[in-house]
Amino acid sequence: MLLLFARSVAGVVEILLMIALGYLLTNLGWFNESASKLIARLVTQVALPAYMAYTITSKFTFKRLVETLPDLRFPVVSMMILFGISIIVAKVLHIRESHRGLFESMFFNSNTVFVGLPVNVALFGAAKSLPYVLVYYMANTTIFWTLGVYLIQRDGQGDYHFSLGQTLKKVFSPPLLGFMVGVVLVLLKIQLPNFIMADLNYIGGLTVPLSMIFIGIAIANVDLHDLTINRGSLGILFGRFILAPALMALLVLPTGMPVMMKQVFIIQSAMPVMTNAPVVSKLYGADSSFAAVMVTESTLLSLLVIPILMLLLNAAH
């Protein structure tokens with residue numbers, strides 16, 4: 001048991017060192033807000049799509065892909081149940097109307113890329129965990145850019161106007177398109193030339209370290225005096241780190257899916273608030289400072305929660 005806990009802690013320390021590098025370099029003046037935006041764009045629009053395409057085409061066979069995709073229903077069902085619970089929790093905690101949509105969105109959406117991806121790679125290894133990470137990511141990103149963004153926009157100033165074009169553009173983002181290209185290639189049994197696969201591998205390899213450096217920059221730019229605990233923050237932390245993994249465990253543990261998939265889904269469900277929440281909040285006039293504080297608080301707390309969660313998961317099996 002102690003060995004399992006040590007392995008989990010080692011995986012988190014591996015991540016912490018990369019976050020600390022981003023934090024240190026920011027305090028030394030290497031990174032500013034422009035650099036942070038550049039790294040985020042580089043990860044989401046270049047490195048991650050390449051990572052998706054390479055991983056799907058190299059780790060999945062036709063048979064395994066067909067068997068895995070139906071399990072997409074578990075993260076979808078989990079997030080829909082959490083959404084319903086978030087409405088009740090917001091009313092019980094008397095979250096003010098101007099914060100309710102943002103509260104609900106942060107309650108049920110996970111940071112599956114900037115934190116979830118590196119965490120799973122560190123804990124389980126890329127070869128075994130990535131296919132399941134990507135399945136969860138597909139569900140999470142679709143729900144965030146539809147329901148999650150709608151809830152945040154509802155908090156913003158002015159009337160909400162639904163735009164199908166803008167919504168589709170966000171849902172079919174470069175990472176999801178990279179995922180879909182990989183799926184199509186596997187389903188059609190098309191093999192890319194070795195030099196293209198090598199390039200995708202090299203470029204995709206930037207995803208994990210740049211994601212962690214980005215988190216370090218974000219933490220360095222938050223005033224520690226803003227990290228206060230109140231009803232809203234406690235409600236979101238309860239949803240992210242207790243309710244979400246407990247619900248996912250209830251859904252997947254009784255099934256016959258692979259143990260690794262169960263563990264990845266539970267870990268992904270317990271990730272911190274999505275990094276995009278403050279950006280979307282600022283764009284639509286919602287409380288972006290509240291979102292930024294919750295991203296930071298939940299990210300820092302996740303580094304304590306993950307080893308404990310891994311210990312519980314290993315004890316369950």
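Biologist: Before we start, what is a salt bridge here?
Modeller: A salt bridge is a side-chain nitrogen of Lys or Arg within 4 Å of a carboxyl oxygen of Asp or Glu. Keep in mind that this is a predicted model.

Biologist: Fine. How many salt bridges turn up in the whole structure?
Modeller: The search finds four. One of them joins the side chains of Glu33 and Lys37, at 3.7 Å from N to O.

Biologist: Where do Glu33 and Lys37 sit?
Modeller: In helix H2. They are four residues apart, so about one helical turn separates them.

Biologist: Why does that spacing matter for direction?
Modeller: An α-helix has 3.6 residues a turn, so residues three or four places apart point the same way.

Biologist: Is Lys37 buried or exposed?
Modeller: Lys37 is exposed, because its relative accessible area is 53% and the cut-off for exposed is over 50%.

Biologist: Give me another bridge. Which residue does Glu97 pair with?
Modeller: Arg100. The closest N and O atoms are 3.5 Å apart. Both residues lie in helix H5, three residues apart, about one turn of the helix.

Biologist: Glu97 first: buried or exposed?
Modeller: Exposed, at 60% relative accessibility. Arg100, in contrast, is buried at 18%.

Biologist: What about the rest of H5? How many of its residues are buried?
Modeller: Ten of its twelve, so H5, residues 97-108, is mostly covered. Among the buried ones are His99, Leu102, Phe103 and Met106.

Biologist: And Asp71, what does its side chain meet?
Modeller: The side chain of Arg73, in a salt bridge of 3.8 Å, N to O. Asp71 is buried at 11% relative accessible area. Arg73 is partly exposed at 45%.

Biologist: Back to H2. Where does the helix bend?
Modeller: At Val43, by about 40 degrees. H2 covers residues 33-59.

Biologist: What happens at the start of H2?
Modeller: A side-chain oxygen of Asn32 reaches to within 3.1 Å of the backbone nitrogen of Ser34.

Biologist: Which residues make the nonpolar surface patch?
Modeller: Leu42, Val46, Tyr202, Ile203 and Leu206. The patch is about 450 Å². H2 and helix H10 each supply at least two of its residues.

Biologist: Take Tyr202. Which helix is it in?
Modeller: H10. Tyr202 counts as exposed, at 65% relative accessibility.

Biologist: New topic: aromatics. How many aromatic pairs does the structure hold?
Modeller: Four. In one of them, the rings of Tyr136 and Phe265 have their centres 5.8 Å apart. Their planes are at 65 degrees, so the pair is edge-to-face.

Biologist: Which helices does that pair link?
Modeller: Tyr136 is in H7, residues 126-155, and Phe265 is in H13, residues 259-269. The two residues are 129 apart, so the pair links distant parts of the chain.

Biologist: Tyr136 and Phe265: buried or exposed?
Modeller: Tyr136 is buried, at 1% relative accessibility. Phe265 is buried too, at 0%.

Biologist: What about the rings of Phe144 and Trp145?
Modeller: Their centres are 5.0 Å apart and their planes are at 80 degrees, so that pair is edge-to-face. Phe144 and Trp145 are both buried.

Biologist: Last one, on H7. What lies 3.4 Å from a polar side-chain atom of Ser129?
Modeller: The backbone oxygen of Asn120. Ser129 lies in H7 and counts as buried, at 0% relative accessibility.

Terms used: Residues numbered from 1 in each chain as written. Predicted model: local features only at pLDDT ≥ 70, side-chain atom pairs only at ≥ 80, totals over all residues. Heavy atoms only, no water. Bend = angle between axes of the 7 residues up to and from the residue. Polar contact = N/O pair within 3.5 Å; in protein donor to acceptor, adjacent residues only side chain to side chain. Patch = residues over 30% accessible without salt bridge, like charges linked within 9 Å, V, L, I, M, F, W, Y side chains within 5 Å. Areas by Shrake-Rupley, 256 points an atom, 1.4 Å probe, with all protein chains shown as cover. Buried < 20%, exposed > 50% of the residue type's maximum accessible area, 1.4 Å probe, protein only. Phe/Tyr/Trp six-rings, centres within 6.5 Å; stacked < 30°, edge-to-face > 60°.
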